[in-house]
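Hi everyone, thanks for coming.

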Amino acid sequence: MLTRLKFLTAGESHGQGLMGILDGMPAGLEISEDYIGGHLARRQMGHGRGGRMKIEKDHADIWCGVRHGKTIGAPLGLIVRNKDWENWTKKMSISPVKDDIRKVTLPRPGHADLAGIHKYGFDDIRNVLERSSARETTMRVALGSVCRKLLEDVGIEIGSRVVQIHDVKDKSPGPGDLTPNELSETADTSPVRCLDKNVEKSMISTIDEAKKAGDSVGGIFEVIATGLPYGLGSYTQWDRKLHTRISALMMSVNAFKGIEIGGGFDGAEKFGSEVHDEIGHDGEKFTRFSNNAGGIEGGMSNAQPIILRMAMKPIPTLIKPLRSVDIHSNEEKDAHKERTDSCAVPAASIIAESMLCFVLADALLEKFGGDSIGQLKAHMEATGQY
Ligand code: EPS
């Protein structure tokens, strides 16, 4: 789904750490560990996170691809060390160990456990859960923040806010007067990334109740991008459409179960005349009277803000586990309990921002090209239409 950029992540949740490679970044982009770290810290926040986030203080070491603070056009390599590794050196040892390591044999409903052991022929669910854990999203945010920096340098901003946790909804329309960066800065001051203080309170108590009951809750968040020119993506082929690419990357995040673009599901019960955004002209450029399309028409950016909403399911690892069956004995038992979060919706909104950063940076490079940031900017200035 990415045409100019490639990225890969590696690493287990309780292994030594996470590795990531991002290939295809132009030369000359200023990037620092501090910039990446700022976004990693945002991913660690949020009311309802479990014990792991108290242990980790995620930091990405830039391993290669950057010299004197700027990219050199080579693949970027990042490493995030797991602080928790010191507690797992035997259980997660690379080489065989003499000790008897207890196997995980009770698959958790909703997780990769049951399908994973059948697929790979494992007799220990830990071989599955270590890689299927959402810990991996740390590296996505780290690499995605490099794409975010590229976008920021050409005036494209991406931000988000949480609009629902469990059944508590913030029904207020998106604050149109805030830029995406301002939106995120405000949302980041809330423990649930919600802009409405009253709704925030209810969201927090809903998470607390779920936690007390050993349960978990999901939610919905909104992601917004501004500053886009016309024509990222293309209508000419199914896999070049911008919404195809955005949906694919978004839906690659473990717990994301639904995506809405612009008006989304609401549009299904409206008339065409109520949904489509009428066109005007202000003497200089085309304008729109609404943005129900969410910034994408015909698989291309239409110079309006991109507006997305993602639904996240409740995390499947539960303190009060659901029914399961032992994979060795076939005995009915409760599912495996692992340290977990009661709510990770605020963190997930940062992951979604990062996934959008990959797609938009890629589509921008596809349209405007350039081996260096200077060339990209010159191409955009010469041919970009807004
Ligand atoms: C996560 C790290 C994990 C979990 C969570 C997300 O750490 P640990 O398993 O050591 O507690 O907190 O992942 C899950 C709950 C899951 O089911 O994958 C992180 O870094 O975001």
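Let's start at the ligand, with R135: one of its polar side-chain atoms lies 3.1 Å from an oxygen atom of the ligand. That falls under what I call a polar contact, a pair of N or O atoms within 3.5 Å. Before I go on, a word on the model: it is predicted, so local features need pLDDT of at least 70 and side-chain atom pairs count only at pLDDT 80 or more, while totals for chains, interfaces and linings use all residues. Residues are numbered from 1 along each chain as its sequence is written, and side-chain values use heavy atoms, with hydrogens and water left out.

H111 places a polar side-chain atom 2.7 Å from one, and A134 has a backbone N or O atom 2.9 Å from one. How much of the ligand does the protein bury? Taken alone, the ligand exposes 470 Å², and 94% of that is buried by the protein; these areas come from the Shrake-Rupley method with a 1.4 Å probe.

Around the ligand there are 14 residues, and H14, R43, R52, H111 and R339 come nearest. Near here asks for a heavy atom within 4 Å. The shell divides into 3 nonpolar, 5 polar and 6 charged residues. For those classes, Ala, Val, Leu, Ile, Met, Phe, Trp, Tyr, Cys and Pro are nonpolar, Asp, Glu, Lys and Arg are charged, and the others, Gly among them, are polar.

Now, which pocket holds the ligand? The space taken by the ligand is the second largest pocket, meaning that more than half of the ligand's atoms lie within 2 Å of its grid points. On a 1 Å grid over the protein atoms alone, a pocket is an open set with protein on both sides within 12 Å along at least five of seven lines, a cavity is a set of points where a 1.4 Å probe fits but cannot get out, and lining residues have an atom within 4 Å of a point.

The second largest pocket has a volume of about 780 Å³. It is lined by 37 residues, with H111, S133, A134, R135 and N254 nearest its centre. Among the elements, α10 gives the most to this lining, with 3 residues.

The largest pocket comes to about 940 Å³. Of its 38 lining residues, E222, G262, G263, I307 and R309 are the closest to its centre. Here β9 gives the most, with 4 residues. The lining splits into 13 nonpolar, 13 polar and 12 charged residues.

Searching the whole structure finds 1 cavity of 30 Å³ or more. Residues lining the largest cavity include R108, P109, P316 and H336, and by class that lining has 6 nonpolar, 2 polar and 1 charged residues.

Definitions and conventions: Polar contact = N/O pair within 3.5 Å; in protein donor to acceptor, adjacent residues only side chain to side chain. Points joined across faces, edges and corners; volume = space filled by probe spheres on them. Helix = DSSP H or I, 4+ residues; strand = E, 2+ residues; numbered from the N terminus.
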